[in-house]
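Come and look along with me.

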Amino acid sequence: MKNRPSTVLLIDDHPLITNSYTSAFRHLEKQNEALSFHIDIAHSCDLAYEKILDFHSNNRNLDIVFLDISLPPSKDGAILSGEDLGLKMNKMMPDTKIIVSTTFNDNYRIHSLFKNLDPDGFLVKNDITPKNLVEAIDTVLTDPPYYSKTIIKLLRNEVTSDFILDAIDRRLLYELSTGTMMKDLPEILSLSLPALEKRKRRMKQVFDAESPYDKELLLKAREKGFI
C-alpha cells in the first residue's frame, strides 16, 4: 500500500533539467511501490516563491525541493538567486529537505552555500547521471545527507577565510553590478555608508581584488557565482 505522496518542488530555469529530475522520481516510484510523489515545477524565482508561499500559508507539507542556485533574480529584485529562496524556505519550512544543485565548483562558493543553507543534498550538475540522481533522492528521503563527488572533494579543502558572504553582501554586489552608486545604497540596504564601505573592502580582500575600482571585485564575484 502506498504511503501519503511526498510533495516535491523542482526549481530550475531549464526545463530539460526539471524533466530529468522528474524522470528520477518516477523511476523511484517504479522501484518501490510504497513511494509516490506529487511534483510541482517552477522555472523562475517568482513562480518558485509563489509556490513556496502557497505551501506555507496553507500549512501544506513540502517534503523535498531541488534548488538551482543560478536562478535569475525575481522581477522586483527582492530575490537575487536560488540561495535567497533557500534561506526563505529554511525559515518558513525548516522540515523541508533541500537538495542544492549548481554549476559552481568554486571552493569558497560551495563552503558559503553550506554555511548559509546547510542543505540535505548537494550536487554539482556536471556530476549528475541518471543513476546517482536516483541515489541522491533516495538517500535524502531515507538517510541524508547526499553529496556528489565534486562536493566531497571541495569539502576536504579548507577555506582560508572564515568570512562568509551574507544576504547584505550579496545584495551589495548585485546593486553595484546594476550600476547603483555607493552613495545611494544606505537607503536601499538600511546601513550607513561607512558600514557598506567596510563590507566592500572586506569582500575585496576575500576575492583578492586589488584595484581601487569596483570592476575587478564584481568580475571576481561573478566568476565565483555570487552575482
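My entries start with the model itself and move on to a strand and the domains.

**The model.** I am working with a predicted model, where local features need pLDDT of at least 70, side-chain atom pairs count only at pLDDT 80 or more, and totals for chains, interfaces and linings use all residues. Residues are numbered from 1 along each chain as its sequence is written, and side-chain values use heavy atoms, with hydrogens and water left out.

**Strand 5.** I looked up residues 121-124, which form strand 5 (strands are DSSP runs of E, at least two residues; helices are runs of H or I, at least four; both are numbered from the N terminus). G121 and L123 are buried on one side, F122 and V124 on the other (buried means under 20% relative accessible area, with a 1.4 Å probe and protein chains only). I noted that side chains in a regular strand alternate between the two faces of the sheet.

**Its neighbours.** Strand 4 (residues 97-102) runs parallel to strand 5, joined by four bridges (strands pair if DSSP finds at least two bridges between them). G121 is the bridge partner of I99, and G121 also has Y146 of strand 6 as a bridge partner.

**The domains.** I found domain 1 (6-156) and domain 2 (167-224) in the domain assignment (bounds come from an automatic or database assignment). Their C-alpha centres lie 28 Å apart. I counted two salt bridges between domain 1 and domain 2 (a side-chain nitrogen of Lys or Arg within 4 Å of a carboxyl oxygen of Asp or Glu). E83 forms a salt bridge with R170, with the closest N and O atoms 3.5 Å apart.

Definitions and conventions:
Buried means under 20% relative accessible area, exposed over 50%, partly exposed in between (1.4 Å probe, protein chains only).
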